[in-house]
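Subject: Structure handover and notes

Dear colleague,

I am passing the structure on to you with this message, and my notes on it follow directly below. Please read them with the model open beside you.

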Amino acid sequence: MIRKWIIYIILLFPVHIFSQNQSSEFVNKKDSLLPGSPTSVSFKIENNSQYSKTYLLNVETSDSFISPILSKDEITISALDHRIYIVPLRISSETPSGKYEISLHISEKDTENELTEKTEIIVSPNRNISVTLLESPEFVKAGQVIKASFILKNNGNTKEYLAMESNSLISQVNTLVLPPGTSKVITVTKNTDPNLGKNDYQNLNLTARSMVNPDQAITAYSSVKIISTKPVEDDIYYRLPVSASLSFIGTRNRGIYQDGFQGEIYGKGSLTNKNTSQIEFHAVTQNPIEFNAFTPYEEYFINYKDANLFVHIGDKTYSASYLTEFARYGRGAEIRYDLKKLSFGAFYNHPRFFRDIKDEFNIYSKIKIKKESEITAGYLYKIPLSDKNNFTSVNAQFSSNTHLPYLTGKFQLLTNLSASGEITYSKTNETEGTAYMLQTQANFSKISGSLMYLKASPRFAGYFSNTSTFNGNIQYRILKKVNLFANFIQDAKNYQRDTLLLASPYRSYLQYGAQYNYIKTGSIMVYSGYQKYQDRLIPRQFDYDEKFFRLSVNQKIGEFNINLESQFGTTNNFLTGFSGNSTFYTANIEFEKFRTSFNLFGSYAVTSRYQMQNQKQTYFGARVISRLSDKTNFSIFYQNNYMPEDYFKDRNLFEALFHHQLFKNHEIDISGRYNLQRGDFSNKDFIFSLRYTMRMNVPVQKIAEYTTLSGTINNLGVKKVDGIRLMMGNHITVTDKAGNYTFKNIPPGDYFLEIDRSSTQLNDIPYSNFPAALHLINKENIYNFGLTTAATIQGSISLNENEEKNHYVFAQYQSKKESKKNDGVIIEATNGEQTYRKICIIGEPFDFTYLRPGNWTVKIYRNGLDKRYKISTNLFQFVLKPSEIKNIAISIVKQLTEIKYQREGIKVGYNEIKKQK
C-alpha cells in the first residue's frame, strides 16, 4: 500500500500543484532523461486581459513512446495574472534517444481563440544487453549433440549491432541487429566425442559483443555432464609405458647390399602412482647394416631417479664440464646424490667412439648459494688407450694419464643479468695446461644479449686445446616495430669430438642489421657482415672469406607463409687463389590444406666459393606431410642436392615415410630413403625399413582393490521393480523380484548409475536424480533409491483486457505498435535440483511432463511482455503427487492507472528572498 501511495504522489504531485500560483522564475527541466521514468515539463500561461478567462488545454507529444499522464484539462486565470502549468509525462523504456517535442494547445472557452506553446525534452541513450540461459540438458551420452538455448534481450532504448561468439556452433547467424525492447533466442550446439573414455563435463558459452564498442561484451554459460558410452575404467594397477619394436632394415651402400633385423625396447615413467621413483631404460640390438643416422645404433642403458638419488648404468653421453669433457659417448655408470643445497656425484666412462681414451673417472660436488646460483668443484681422470702403444694421435697430451681438476660457477647477479664461468688445470706426465671460460647473459625490456669467451693453452689436455673462441649477440628494440641486432661467432679450432660424427666446418662470422615488422604478419630484415668458412677435411673442398649484404622478407598472405631472400657478396677464395662475386636468391613457401602441409623451396646461386669462379648452383625441393586420418599419416621429401658446407650432416635426397596404427597399441612404419652420407659428395645410398611397434603398459604397483555396488529399488507405487536393467560404465545388471541389484568386480572411481528405460513402464521415474553420480572407493558400496510414477504440470495463459469500473483513467498508454497478444512469457519449473524452462505463447496451452513427485515451484517471467500488461500471479508453489496432473491458470491483465483525489489540495509555495540594497 505504501508503495502505491509513493507512485501516486510522484505521478500526481504536479497535477495538484498546476493550479497554484508559481514564481515567474520557474525553469523547465530539459536535461537528458532516462527512458522508463516519469517526468514533467512546464508552460507559462498568461491572461493579459482585464477579465478572468477559462482555458481548455490539450497536450500532444511528437512520439507515441512519450505520453502525457493527463492529456486534457481546463483552468481559469484571473485578469492580468499568469500560471505555471505542469504537464506530467510517462517515457516508455523503449523510447529511442533524441529530442522530442511537447505541445500544449490553449483554447479560450466559448471562443475560437487558440494558442500553441511548444517545448523540447532530451531522452538519453540507455544501453542494456542481457544474455540468459534458457534451456540446457543436464546430461547427454557421449556421441550425442549438446543443444543449449540462450535468450538475448535488448533492455535499452538504442538499436544494438551485435556479434555472437561461442566455443560451440551457433545455429543462427553470427551477427544480428536487435531493436530496443526485443529479444531473440540463440541456440548453440556442440558435438561430443563418441569415444570419450571418462565421464566429463562440457561447458558451452554464448557471448554477445557490441560491434560498435568491441570491448563491451556479456557472456552466459551452460555446463553439461557427458556420460561415456565406451568408458575406460580406472585401473587398479599403476602401469609403466613400454614400447617394443622389431625392424627389418636393408641398404645398398656404395653398391654393397646389406640387410637384417634389429630389435628395440624402451620404457620411461614412474614406478609409483605418486610420480616418484622415475625409471628409464633402452635396449637396441646391433645394427645389421653399417651405421647410419637414420637407423639406431646399438645401445643399452637403465637409469633411476627419485627426489635425492640419480643412478645411470650403460650407454650415454657423459659430461664432466664444458672444458674438461663436454660430450663423450660411452659405456659406464654414473651416480648423483642431492641434498637440499649440496650434491655429490661421480661417473665412470669407457668411450665407444674416441680411440685415444680407454677409461675416464669423474667425481664432483655442487653447492647451491641461492635459487639461481651454484658452484661446482670436480676432478676428472683420463687413462689413454695404452701406455706402451705406438701413439700416433696428433694430440700428444693423451699419451699418458691425465689429471683435470676444475671449478665452475653460475651466478644470478641481477634479476635480468646472469654470469657463469669455468677454470680448469690439466697435468700429464709430460705437459701441463690451463683453460678458462666466461659467459654472461642479459635480458632487459629493450636490450638483450650474451657474450662467451673461451681460451685453452697449447698443452691443455681437456675437451679443447690450443684454441680460443669468442661468441656474442645483442638485440636492441629501438622502436616498437624496429629491432637492431648483431652477432659474432668464432668456432673453436681444436676439440676432441667423437669419431661417430664429423666436425662441422670452421666458421668465423659477424653480421649486423635491422628488422622491421611493417605489419603483424610481415617483416623485413636487412643485414650485412663478414664470414669465413674453412673445411676441416683433407683434401679441403672450400676455404674462403666473404663480405656480404642480405635482404630477407617474411610475409603471411592468407594461408601462405612466404620467405624471400637475396644475398650479394664479395668472396676471396684461398683454395684456388681468385676472388669474385657470390650471389644467392632463395624462396620458401609454406601452406596447409586438406590436413596436409606443403613446403616448397628453391635457391639459385652464382658463387666463387669453390673450385670454379662464377659457378652456377641450383637447389630445389619440397616436403609434404599429410595426416590422412587420426591413425595414418604420410610424408614425402625431395631435394636435388646440398651445399658443400653441409657435408658433416646425413643428407636426404629423397624420403618417403608411412605410419599407420593397425589397432590400439600396435603400429607399423615403412620408410625409404636416398641419401648422401657424411663426408660424401656424390655417392647415393638407399635405405629401406619396415618397423612394427607394440606399446604396452606394464603393471608395476597395485594401487586399489576391486569394489562392489549393491542396493534395492523401492516400489513407490509402480507395477514392478524386478527385471529392471541398470548400467554403470561397461557394467550391466538386472534387479531380482524384490528390486535388489549387485555390481561386482568394479574398479574404484567415479561412475554414473543409469536406468534402461526400456525395462521400466513408460511413466516410471526414480525418486532421486538420475543418472546418479557415484564415487566408489570402499570394498562394498550401497545405493538405494525408489521408483515412482511421474507427474505433469500443464496449463494455459489467458489475456484479460476488460477494464474495471470505478477507476478513473486519465491517460492511456498507447504506442505505434500495439502490443501483440501472442507475445511469449518464460515459464520456469524447478524442484531445487532440476530446472526446466519454456517460452510459452499467450493464449496457447503449455506442459511439463515426466516430473519427479515432490515440491515444485513455477515462476513466470515477462520476457519482453508489453509493460501495459502485468502477470496476475507470477509464482506458484505446490506438492506434486505420483501420477498427478497439476493444472495452473496464468492470467495476464491490462494495467490501469488508478487516481484517488485528496479531499484537500496540497499547498505549494515558494519563499522569495529579496536582495537588500
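In strand S15 (residues 183-191), Thr-189 is the bridge partner of Leu-169, and S13 and S15 pair in the antiparallel sense over two bridges, where pairing requires that DSSP finds at least two bridges between the strands. Helices (H or I, at least four residues) and strands (E, at least two) are DSSP runs numbered from the N terminus. Please keep in mind that this is a predicted model, in which local features need pLDDT of at least 70 and side-chain atom pairs count only at pLDDT 80 or more, while totals for chains, interfaces and linings use all residues. Residues are numbered from 1 along each chain as its sequence is written, and side-chain values use heavy atoms, with hydrogens and water left out.

Elsewhere, strand S18 (residues 237-253) pairs in the antiparallel sense with strand S43 (residues 685-702) over 16 bridges, and Leu-246 has Tyr-692 in S43 as its bridge partner. S18 also runs antiparallel to strand S19 (residues 256-270), to which twelve bridges join it, with Phe-261 in S19 as the bridge partner of Phe-248. The hairpin of S18 and S19 has two residues between the strands, and Arg-254 takes a positive phi near 55° there.

Turning to charges, a salt bridge is taken as a side-chain nitrogen of Lys or Arg within 4 Å of a carboxyl oxygen of Asp or Glu, and by this rule the count comes to 31 salt bridges. One of them joins the side chains of Lys-53 and Glu-108 (3.2 Å, N to O), linking distant parts of the chain, since Lys-53 lies in strand S3 (residues 53-61) and Glu-108 in strand S7 (residues 98-108), 55 residues apart. Buried here means under 20% relative accessible area, exposed over 50%, and partly exposed in between (1.4 Å probe, protein chains only); Lys-53, at 24%, counts as partly exposed, whereas Glu-108, at 18%, counts as buried. Another salt bridge is formed by the side chains of Arg-550 and Glu-565 (4.0 Å, N to O), which link strand S35 (residues 543-557) to strand S36 (residues 560-573) across 15 residues. Arg-550 counts as buried at 11% relative accessibility, and Glu-565 is partly exposed at 23%.

Finally, the surface patches are made of residues with over 30% relative accessible area and no salt bridge, like charges being joined within 9 Å and nonpolar side chains (Val, Leu, Ile, Met, Phe, Trp, Tyr) within 5 Å. The areas come from the Shrake-Rupley method with a 1.4 Å probe, and for residues only the protein chains shown count as cover. A nonpolar patch of about 860 Å² includes Phe-620, Leu-628 and Phe-634 among its residues; strand S40 (632-639), strand S41 (651-663) and strand S42 (666-676) are the elements that give two or more residues to the patch, and S40 gives the most, with three. Phe-620, found in strand S39 (residues 615-626), counts as partly exposed at 40% relative accessibility.

With best wishes
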